[in-house]
Amino acid sequence: MSEKNLSREESYSYDRKTIDYIRNAAAHGLYEIRGMGAKRKLPNFDDLVFLGASLSRYALEGYREKCSTKTILGTRYAKKPIELEIPITIAGMSFGSLSANVKEALGLAATAVGTSTTTGDGGMTPEERLSSKTLIYQCLPSRYGFNPDDVRKADAIEVVIGQGAKPGGGGMLLGQKVSARVAGMRTLPEGIDQRSACRHPDWTGPDDLAIKIQELREMTDWEKPIYVKVGATRTFNDVKLAVHSGADVVVVDGMQGGTAATQTCFIEHIGIPTLAAVRQAVDALEDLDMKGKVQLIVSGGVRTGPDVAKALAMGADAVAIGQGVLIALGCNHDSYFQNGEHYPACADYSALGTTAGFCHHCHTGKCPVGITTQDEILEQRLTPEFGAKHLKNYLQTLNMELTTIARACGKQNVHHLEREDLVALTLEAAAMAKVPLAGTSWIPGVGNI
Amino acid sequence: MDSLKFDLAEIPLRTVNTFLHQEAPGQGVRKVLITNPDGAHNIAVGLDFPVEIEIVGHAGYYAGGMNKQASITVTGSAGTGVAENMMSGRVHVKGFASNGAGASAHGGLLVIEGDAGLRCGISLKGGDIVVGGSVGSFSAFMAQAGRMVICGDAGDALGDSLYEAVLYVKGSIKSLGADARIEPMAEADLATVKALLAAAGPAFDQYAPQDFKRVASARSLYHWNADANQEY
């Protein structure tokens, strides 16, 4: 039979991806672990558009009139709330998953644009404290490297209940990234496959969490804001419980949020999209009459200025970005910059079985561009100064886009963007975000059908 | 100013903790008595100077949490998370301790004369714990470093997913957790138990190091292992 007559009908249920999955499972007997976030197609902020000003709304001059981006977080109880120049923050990412150079770059860029950066599982490095004017210190289930000295050095504390990439799961750092320094900070044997706890060791539910938050407040004399971060699942209830537990700020991380390493089945199959989560979170705050009293940070797949603007219009006070930040530093770039020259990274991607633009091999520690690595040679591929310059540009661009959109909607302050400025392009987005389908007044699932 | 007394029936805890953080270290305070705790949470948390604190009665959650340098005694029982994340110093509970006692402690010594609840010493990171009574299930879960001496019995899943912490148990062990195993007591272990019992105080003089069993990690789960998939 000739080649052109061979049957090529691909099964929808057992397509090439599924066949590949089954073969891998059969060969290795272990689930796949990888980095980054969900790759499946999900409703997202691209499915919303703004209704700019026209006759019924008055626009501001895009190049001349002021549009404030000042953002204050933690006003509920803390004596010293966090004051930021822009509502775009850097999400928690650990030293261990990232190199020390990268952590320093995050701090330098965040400081340059007047925003905050966040520690991660494994504690606070001196470099990131020094480079970050405003540093949020995470209190995670593992408590790796967690200590009272760093609590006092922090500007706010974020109690992490879950992460959008893996709600209900603990952290993971494979042995190749558990270097002597990382192991020392985490009190672990060097080179082991670290599997963090998924539950906090000293509290078990929202009533306990309230006391835990009070402990953190007591030991810092009620100065520092306490954030509570949840992976997006039952977001309406979780946000209400976080508020009842005494959070100053709630961080909601949707399922597009990234990770340095976790099971693919977590990344793709647990959690809800950020678009759905942000509306549930805002509904919860409004239901409690706490909108504006407890601030909301949204993360998980926030990539662009329009994404930021849409999150704020939906009711977020700020966003946090992880993967976009890494891409700005050079993640998935086909080259890296070292000693004044660009070098191709293609062979290193190839060795990982991937290519630039598709890499999610953060878990291997063999990052071709020196970002998600602890390897002494690879980490030299990204210097703090080079990374900070690009990240600053990225954050600045996002902020310019945000203010441009806000002015076009007639707002002098980006926090004045509102749901009424948005419509949806798809039924799914309209139903999740609870904004009307474009050109109609119809919100699926709301009111009479 | 050598010695001070605070009556929590009269003075808010906030005032006491603020004083202990901000004023006491510079005023040469060496002894503080806290009366009428009535189960208040977060008593004497986040201390960082050498002082003796006596809490007369029962304490709530997180008594002595994140302690550095201070020596804190609870004459009654203590709630969840006593001495959690302690870095150094000493916390001594004369009565019983609830769940998560000494959780994630990096250093210092936690002494519990009575029983301890679930997850005693969970995520231990270098601290030492001596328990006069028994400990509940999942004690020393994922304990990374440090030592625990248990003079009574241990509940289910003792030392599940242990790293480098070492446990010494005098009584029975209902079950061992994943990757925990009983190992022979070496001379160094006997010396360790003797030293920890002595450090715990006279109430522990009655115990002999040779009566204890050593529990440590088999280290078989330090790396991914497809044949142990139900133990991850």
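Into which domains is chain B divided? Chain B splits into domain 1 (1-98) and domain 2 (126-232), with bounds that come from an automatic or database domain assignment. Keep in mind that this is a predicted model, where local features need pLDDT of at least 70, side-chain atom pairs count only at pLDDT 80 or more, and totals for chains, interfaces and linings use all residues. Residues are numbered from 1 along each chain as its sequence is written, while chains are lettered from A and ligands numbered from 1 in the order in which they are written.

**Chain A**

- You'll find 14 helices and 18 strands in chain A (DSSP runs, with helices being H or I of at least four residues and strands E of at least two, numbered from the N terminus).
- The C-alpha trace of chain A spans about 65 × 60 × 50 Å along its principal axes.
- Some 56% of the 449 residues of chain A count as buried, meaning that 20 or more other C-beta atoms, placed from the backbone, lie within 10 Å of the residue's own.

**Chain B's domains**

- The C-alpha centres of domain 1 and domain 2 of chain B are 28 Å apart.

**Where the chains meet**

- Here 38 residues of chain B are in contact with 25 residues of chain A (C-beta atoms, placed from the backbone, within 7 Å).
- On the side of chain B that touches chain A, α1 (13-23) and β7 (125-131) of chain B each supply at least two residues.
- The biggest giver to that side of chain B is α1(B), with three residues.

Terms used: Two residues are in contact if their C-beta atoms, placed from the backbone, lie within 7 Å. A residue is buried if 20 or more other C-beta atoms lie within 10 Å of its own, exposed if 12 or fewer, and partly exposed in between; C-beta atoms are placed from the backbone.
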